Amino acid sequence: MTADPPALFASAAEHYVRFRPWYPEELFALLAERFVLDGTQTAMDLGCGPGMSALPLAPRVARLYAIDPEPGMLAAGARLAAERNVTNIEWINSDSTQITALDLPPIDLCVMAKSFHWFDRPRVLADLDHLITPGGGIVIASAGPPGTTPLPAWAPVIAQVRTAYLGPLRRAGTGTYPEPADRFTDTLRRSPFSRVELTCLEQQVTRDLDQLVGLQLSNSYSTPAQLGDNLDAFTRDLRHALLDHDPSGLFHEVIRTEVLIATRPNGRSTTP
């Protein structure tokens, strides 16, 4: 991985589970139709976090391997799975650099939901070419390239407070996070999975003040670990700024999810 997600998210798992929106059901219906998921397949969720794509996908496959480098995220996912009586997920503490060393069975479908940007993307795609079955594929779910989704009216308010505490650059661990130089579609088209299909899904979401503030603490650039001793002051100032912006305490957003489905053009692995 190109950054250090364990350091970023160790303090954010609770906020991630409570305040991140779940992916729309349309995403999993799309995957079920596209890959003819009938409960016999084997899937992987790479960079699974607390299982927000693994858990809805699991009932559609026979076995699912959920892989993440942060034990706290895996523990949160396992708790959610137990609560939902989902028993076919294996939670694996590892990362994208180790997938070929995990002794996994052939994988029919690999999902990377808001995780692909953390990876050495060409390497991961090459490694997946060793694992994905001839008729299988990969799915990348993200917000899409920067600038493709209009920001909600309250986004500049949050950015101003965050910048006051953490600086103008998007932080990642002890450094900063650079946006990928290439769009995901371009990276995929240079990979073994060069046949790419694009679908965009939208969700209308309304959050109250607590939910919107909690959401910020789930982001890699403003986790409790990033804020440290400034956590209480940050949340206090953010609450005041948001209420000054909209005293109703209700904040609306259209969440856009870009879904890239990538398969091999000939349905065959390019590696022996």
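This is a predicted model: local features need pLDDT of at least 70, side-chain atom pairs count only at pLDDT 80 or more; totals for chains, interfaces and linings use all residues.
**Exercise 1. Classify the pair formed by the rings of Phe 116 and Phe 119.**

Solution. A pair of aromatic rings is described by the distance of the centres and the angle of the planes. Rings count as a pair if their centres lie within 6.5 Å, and planes over 60 degrees apart make the pair edge-to-face. The ring centres of Phe 116 and Phe 119 are 6.4 Å apart and their planes stand at 90°, so this pair is edge-to-face. By this rule, the count of aromatic pairs comes to three.

**Exercise 2. Find which parts of the chain are tied together by the pair of Phe 116 and Phe 184.**

Solution. Begin with the geometry: Phe 116 and Phe 184 form an edge-to-face pair, with 5.0 Å from centre to centre and 80° between the planes. Finally, Phe 116, Phe 119 and Phe 184 form one aromatic cluster.

**Exercise 3. Decide whether Phe 116 and Phe 184 are buried or exposed.**

Solution. The cut-off for a buried residue is under 20% relative accessible area. Phe 116 has 1% relative accessibility and therefore counts as buried. Phe 184, at 14% relative accessibility, counts as buried because of the same cut-off. Phe 119 is buried as well.

**Exercise 4. Describe how helix 7 and helix 11 pack, and name residues that make the contact.**

Solution. Two packed helices are described by the angle between their axes and the distance between the axes. Helix 7 (residues 155-166) and helix 11 (residues 231-245) pack at an angle of about 155°, with their axes 9 Å apart. Angles over 145 degrees count as roughly antiparallel, and helix 7 is therefore roughly antiparallel to helix 11. Their crossing is right-handed. The contact involves residues including Val 157, Ile 158 and Tyr 165 of helix 7, and Phe 234, Leu 238 and His 245 of helix 11.

**Exercise 5. Describe how helix 9 packs with helix 11.**

Solution. Helix 9 (residues 209-216) and helix 11 pack at an angle of about 130°, and their axes are 10 Å apart. That makes helix 9 oblique to helix 11, and the crossing of helix 9 and helix 11 is right-handed. Among the residues that meet are Leu 209, Leu 212 and Val 213 in helix 9, and Leu 238 and Leu 242 in helix 11.

Methods. Residues are numbered from 1 along each chain as its sequence is written. Side-chain values use heavy atoms; hydrogens and water are left out. Rings of Phe, Tyr and Trp (its six-membered ring) pair if their centres lie within 6.5 Å; planes under 30 degrees apart count as stacked, over 60 as edge-to-face and the rest as tilted. Buried means under 20% relative accessible area, exposed over 50%, partly exposed in between (1.4 Å probe, protein chains only). Helices (H or I, at least four residues) and strands (E, at least two) are DSSP runs, numbered from the N terminus. Axes are lines fitted to C-alpha atoms, for helices over the stretch in contact, and angles run from 0 to 180 degrees between N-to-C directions. Angles under 35 degrees count as roughly parallel, over 145 as roughly antiparallel, 65 to 115 as roughly perpendicular and the rest as oblique. A crossing is left-handed if the near helix is turned anticlockwise from the far one by less than a right angle, and right-handed if clockwise. Contact means heavy atoms within 4.5 Å.
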